[in-house]
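Here are some notes for a first look at this structure. Please keep the sequence and the 3D view open while reading.

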Amino acid sequence: QVQLVESGGGLVQAGGSLRLSCAASGSIFSIKAMGWYRQAPGKQRELVAAITSGGSTNYADSVKGRFTISRDNAKNTVYLQMNSLKPEDTAVYYCSIRFQMWSRPEWLDYWGQGTQVTVSS
């Protein structure tokens, strides 16, 4: 059993900031990568940002310079600091991890339930 608990979404005016958190727990042996995806109404889910256990990061072009992903490996928690938010950032944001369970060699993907971020103009 694995749990991802997301928090930090909400309603903010354009130009404002929000910080998302996602804490992973359960039968986790190792986490290779943690990331945030988003899905706006009528659009496909897209990668926002990801971070590996070693700290390497990857960002969507649309959020570079505005969003920062970070990770606390000891707490199995990933954060997404979102600054200078725009109405087009409005979406449901999903946390995702690639991990190994105890006694199983394969890497697995797991998704959170999602948290709504709404940016008003």
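1. Start with Thr-115. Setting aside residues up to four places away in sequence, Thr-115 touches Glu-6, Gly-9, Leu-20, Ala-91, Val-92 and Tyr-93. Bear in mind that the model is predicted.

2. Where does Thr-115 sit? Its place is in strand 11. Thr-115 counts as buried because its relative accessible area is 13%, and the cut-off for buried is under 20%.

3. Next, the core. The largest nonpolar core has 32 residues. Trp-36, Leu-80, Met-82, Tyr-93 and Ile-97 touch the most other members. At least two core residues come from each of strand 1 (2-7), strand 3 (18-26), strand 4 (30-39), strand 5 (46-52), strand 7 (67-72), strand 8 (77-82), strand 9 (91-100) and strand 11 (115-120). Which strand gives the most to this core? Strand 9 does, with five residues.

4. Neighbours within four places in sequence are left out here. Ile-97 is in contact with Val-2, Leu-4, Ala-24, Ile-28, Ile-31, Ala-33, Met-34, Leu-108, Asp-109 and Tyr-110.

5. Last, the largest pocket. It holds about 150 Å³ of space. Its lining is made of Arg-38, Gln-39, Ala-40, Pro-41, Lys-43, Gln-44, Glu-46, Pro-87, Glu-88, Thr-90 and Ala-91. By class, that lining has four nonpolar, three polar and four charged residues. Ala-91 lines this pocket and also touches Thr-115.

Key: Residues numbered from 1 in each chain as written. Predicted model: local features only at pLDDT ≥ 70, side-chain atom pairs only at ≥ 80, totals over all residues. Heavy atoms only, no water. Core = buried A, V, L, I, M, F, W, Y, C linked by side-chain atoms within 4.5 Å. Buried < 20%, exposed > 50% of the residue type's maximum accessible area, 1.4 Å probe, protein only. Helix = DSSP H or I, 4+ residues; strand = E, 2+ residues; numbered from the N terminus. Contact = heavy atoms within 4.5 Å. 1 Å grid on protein atoms, 1.4 Å probe; cavity = no way out; pocket = protein on both sides within 12 Å on 5 of 7 lines; lining within 4 Å. Points joined across faces, edges and corners; volume = space filled by probe spheres on them. Nonpolar A, V, L, I, M, F, W, Y, C, P; charged D, E, K, R; others polar.
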